[in-house]
Amino acid sequence: MGERKLYISDLHLGHINVTKAGKDFDNRGFKDLDEMHDTITKKWNAVVTNADHVYCLGDIAWKVSNQNFDYYKELLNNLNGNKHLILGNHDKFVNDRFKKLFEEVVPYKEVNDEVNGANKRVILSHYYIPFYNHHYRNAIMLHGHSHNSAESEMERRLTAMLNRQGFPCEIYNVGCMYPYIDYAPRTLQYIVDHYNPKAKYSRDAVEEDDFDNIVQAMLDYHSQYPMIRFGQAVVNILGEDHFYMSDKEALQKICSKIKNHSEVKIKIYENTARLTTNASITS
């Protein structure tokens with residue numbers, strides 16, 4: 001297999017609040033730290049060999065100290081590969097002993113990698129950077145930090161907006177909790193091939209069970225903005241990366257449900273629609 005570069009972020013080893021024993025704030029679903037650590041170790045080592053170089057983009061462990069150093073040393077030494085740490089906001093205990101667990105410990109890094117046989121400059125940071133180095137030259141940015149949060153949704157929306165406005169950027173969140181990462185470091189090729197901004201992250205993509213909730217949200221929105229375009233209301237409620245107005249099947253399902261509300265009518269255009277009151281609708 002040879003030497004490879006792989007990427008992952010935000011393991012939060014030792015952090016009880018990413019399990020059900022605590023707040024489980026990014027919905028990992030592990031009952032406790034033992035289950036999480038065991039799962040991460042098995043999935044990591046199933047993918048990574050000792051010849052590989054793994055770039056961990058921050059927040060690798062929670063509140064490392066002199067008192068618990070040996071605990072974290074054992075956890076990290078159980079993970080295959082040559083580990084590089086890009087510092088995150090929770091990586092505060094960085095003394096010489098800690099640094100020896102890694103090939104390097106740096107706040108930011110740029111490496112060369114490949115996608116479909118083409119060389120790519122890869123920008124590595126714990127934090128999302130929209131105007132990163134060489135973004136006009138087809139560089140790729142990998143980051144973490146935002147977990148399953150409203151902030152991560154905003155990052156995806158901002159990236160989509162920048163590309164529409166003519167500011168090219170290719171940015172991927174490689175947080176371990178994302179379904180396409182699934183607690184194992186991934187190659188750049190894998191990340192590019194499997195990343196899906198419409199997948200279930202912090203808010204579900206539109207599926208059958210979501211329609212009633214979407215319709216109610218649309219009606220509530222319509223009561224405040226009677227003439228707002230249907231598509232814009234969906235964007236404001238769900239986020240651009242979760243619903244596309246060209247999805248006519250989904251549009252028709254939502255429209256048919258809204259038609260059941262006598263106080264509101266909907267006028268359907270080719271790939272969008274407008275909510276209006278009965279008095280303002282024209283045939």
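This is a predicted model: local features need pLDDT of at least 70, side-chain atom pairs count only at pLDDT 80 or more; totals for chains, interfaces and linings use all residues.
Colleague: OK, so two strands pair if DSSP finds at least two bridges between them. With that in mind, what order do the strands of the open sheet have?

Modeller: The order is E5-E6-E7-E8, which makes an open sheet of 4 strands with mixed pairing. Strand E5 (109–115) and strand E8 (170–173) are the edge strands, each pairing on one side only. On average, neighbouring strands here are turned by 30° against each other, ignoring direction.

Colleague: Do E5 and E6 pair in the parallel or the antiparallel sense?

Modeller: Antiparallel, over 7 bridges. One example is asparagine 112, whose bridge partner in E6 is arginine 121. The hairpin of E5 and E6 has 2 residues between the strands, and asparagine 116 takes a positive phi near 50° there.

Colleague: And in which sense do E6 and E7 pair?

Modeller: Those pair in the parallel sense, with 3 bridges between strand E6 (residues 118–124) and strand E7 (residues 140–143). Across that pair, isoleucine 123 stands opposite methionine 141 in E7.

Colleague: Let's stay on methionine 141. Is that residue buried or exposed?

Modeller: Buried: methionine 141 has a relative accessible area of 0%, so it falls under the 20% cut-off for that label.

Colleague: What does methionine 141 touch?

Modeller: Leaving out residues up to four places away in sequence, methionine 141 touches Ile123, Ser125, Tyr127, Tyr128, Ile129, Tyr132, Glu170, Ile171 and Tyr172. If you want a distance to check in the viewer, the C-alpha atoms of methionine 141 and phenylalanine 131 are separated by 9.7 Å, with the two residues 10 apart along the chain.

Colleague: Switching to the nonpolar core, how many residues does the largest one have?

Modeller: It has 49 residues, and Tyr7, Ile60, Phe98, Leu124 and Leu142 have the most contacts inside it. There's another core lying apart from it, of 8 residues, including Tyr128, Ala139, Leu162 and Cys169.

Colleague: Now charges. How many salt bridges are there in the whole structure?

Modeller: A search of the whole structure turns up 6. One of them joins aspartate 52 and arginine 4, with the closest N and O atoms 2.9 Å apart. That pair links distant parts of the chain, 48 residues apart: aspartate 52 is in the loop between helix H1 (33–47) and strand E2 (53–56), while arginine 4 is in the segment before strand E1 (5–8).

Colleague: Does aspartate 52 count as buried or exposed?

Modeller: Buried, at 0% relative accessibility.

Colleague: Last thing, the whole chain. How many helices and strands does the secondary structure come to?

Modeller: The protein chain has 8 helices and 10 strands. Of its 283 residues, 47% are buried. The chain exposes about 14,000 Å², and carbon and sulfur atoms supply 47% of that area.

Colleague: And what share of the contacts with a separation of 6 or more comes from residues 24 or more positions apart?

Modeller: Those account for 61% of them.

Methods
Residues are numbered from 1 along each chain as its sequence is written. Side-chain values use heavy atoms; hydrogens and water are left out. A nonpolar core is a set of buried Ala, Val, Leu, Ile, Met, Phe, Trp, Tyr and Cys residues joined through side-chain atoms within 4.5 Å. Buried means under 20% relative accessible area, exposed over 50%, partly exposed in between (1.4 Å probe, protein chains only). Axes are lines fitted to C-alpha atoms, for helices over the stretch in contact, and angles run from 0 to 180 degrees between N-to-C directions. A salt bridge is a side-chain nitrogen of Lys or Arg within 4 Å of a carboxyl oxygen of Asp or Glu. Contact means heavy atoms within 4.5 Å. Accessible areas come from the Shrake-Rupley method with a 1.4 Å probe; for residues, only the protein chains shown count as cover.
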